[in-house]
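I opened the notebook to look up a few backbone and packing details, residue by residue. My notes follow the model as shown here.

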Amino acid sequence: VLGTLALGAEAFAPPPAAPFLRPSARSSLRPGGLSSSSPHPLISSSSRASRLLMSSQPAAESSEAKVPTTDKLVGVIGATGGVGRLTAAALVQQGYKVRAIVRDSNKAKTFFPEDVEVVEAQVTNPESGVGLAVAIQGLDSLVVCSGTTAFPSDKWGKDKSNNPQAVDLQGVKNVVEAVEAVNSQGGKMVKQVSLLSSVGVQRRTQFPFIILNAFGVLDAKAAGEEILKEGAKQAGYSYSIVRPGRLVGEPFTNPDFATLLKLEEGKNQNVQLANGDTLAGDCSRRQTALALVQSIYQDRGNMDFSVVSKPGPPVTQQAWDDNFDTLTRPSEAMRLQFADIEKDKFKKWIVGWGNGILTSGALFPPLPVPFRVDYPENKDEIGLQLSFLKVSVVGEIEEMGQVVVRLIDDKKGPALVAIREPASKDTPYPGETQILEKLAEDLARVSSNTQDSSAPQNVWGSNNIDF
């Protein structure tokens with residue numbers, strides 16, 4: 001059933017249900033998210049490859065697209081692979097300029113049309129060809145589709161130099177270092193990097209992924225993902241990690257660029273997207289490529305998500321927009337709505353609260369994990385950040401994630417909102433519920449007219465902070 005892994009993985013187990021947070025008597029603690037909306041028009045293309053995505057769009061919607069082609073240049077590493085070819089074709093159809101970064105440029109030039117720039121470079125040997133950094137220079141965005149099989153095969157090479165550790169770990173490291181080098185030169189920066197990964201990366205010790213990981217492919221991909229995230233902090237790009245299910249369908253060795261995106265997919269022409277590594281099932285190579293292109297097109301900042309195929313009609317651009325709206329909706333952990341508030345007093349209070357919560361005995365029972373309290377660098381922002389940590393057996397400290405607490409002004413008035421980061425985190429961190437309930441309870445003790453009976457539910461009264 002598992003077969004060989006090109007860039008995805010077979011997933012059998014259904015995603016676990018997300019537990020709901022226990023609500024506080026004085027606050028609204030929840031695992032849901034804030035609604036957000038960011039309309040994105042469908043980009044059309046005047047290129048000769050503009051017809052390629054017609055199978056994924058209703059004819060009427062495609063014919064109505066009036067937006068001119070973009071000047072953005074997108075590089076595709078691994079552009080001659082199954083997903084890479086489809087990604088290049090989809091980018092061309094969407095109106096992007098495309099640079100195919102490949103191991104064998106002579107072979108690639110016989111396949112790609114003239115409007116696709118072909119450059120030779122390798123992720124496993126960053127000095128080969130023109131060099132990885134040179135190949136990346138001048139790009140606006142980069143899609144990394146390089147990969148190998150999960151189990152030993154001819155694709156590993158006779159000397160096994162193309163194994164998962166070389167491609168998915170060291171190869172991604174080489175790409176990130178090349179982007180860092182380009183972005184440090186002071187010229188045009190690579191602003192987006194999208195990485196093709198796999199479902200099961202975060203569940204690699206569970207069945208069936210533990211079998212798929214027998215030769216370390218998911219370990220390598222997990223390490224590559226972390227390198228990509230860390231590189232984003234250093235090089236200033238935003239990242240997307242796209243985790244398809246087991247890759248199915250053509251192309252395998254399809255030589256015709258112009259027909260790539262017209263492949264038959266039967267009834268499974270729709271997709272399901274979810275934050276993190278939570279989905280199970282198969283994903284066609286075409287839909288995987290479209291998800292990668294959408295991660296560039298939507299430009300929603302840092303994100304990682306899973307994608308699988310599902311029965312239904314072809315995905316329209318509006319459906320992609322709706323899917324990405326759902327993915328990027330913040331995971332709101334708490335909201336305290338105020339009738340009004342004296343912001344200067346509140347700012348002093350919450351800094352004092354944050355300093356005091358770290359003292360011994362402030363929280364009982366003690367939190368199950370250590371945590372750190374930080375404050376906004378922007379002096380105009382009011383709130384704090386709670387970073388939840390874990391300590392390895394050798395004493396190394398790793399950050400699991402954050403809950404960012406900010407005082408904002410919404411349509412109902414001032415509100416104290418706690419948002420989990422990353423956005424894919426839709427369940428509470430260990431100790432999160434306890435510390436946020438403590439915050440709400442301590443605020444109630446220093447507030448006058450708290451929860452005034454005449455005020456709407458969950459709205460606190462006036463003159464909230466007394467000292």
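I began with Lys 160, which is partly exposed at a relative accessible area of 42% (buried means under 20% relative accessible area, exposed over 50%, and partly exposed in between, with a 1.4 Å probe and protein chains only). I noted that this is a predicted model, in which local features need pLDDT of at least 70, side-chain atom pairs count only at pLDDT 80 or more, and totals for chains, interfaces and linings use all residues. Residues are numbered from 1 along each chain as its sequence is written, and side-chain values use heavy atoms, with hydrogens and water left out.

Lys 160 has a positive phi, near 60 degrees, in a residue other than glycine, and I placed it in the loop between strand 5 (141-144) and helix 5 (164-183) (helices are DSSP runs of H or I with at least four residues, strands are E runs of at least two, and both are numbered from the N terminus).

I then looked up Asp 299, which is not a glycine but has a positive phi of about 50 degrees; Asp 299 sits in the loop between helix 8 (285-298) and strand 11 (303-310) and is partly exposed at 41% relative accessibility.

For the peptide bond between Phe 207 and Pro 208, I recorded a cis form with omega about 5 degrees, and Pro 208 is in the loop between strand 6 (192-196) and helix 6 (209-212).

Last, I checked Val 74 in strand 2 (residues 73-77), which is buried with a relative accessible area of 1%. Its C-alpha atom is separated by 4.8 Å from that of Ser 141, 67 residues apart along the chain. Beyond its neighbours within four places in sequence, Val 74 is in contact with residues including Leu 91, Tyr 96, Ser 141 and Ile 296 (contact means heavy atoms within 4.5 Å).
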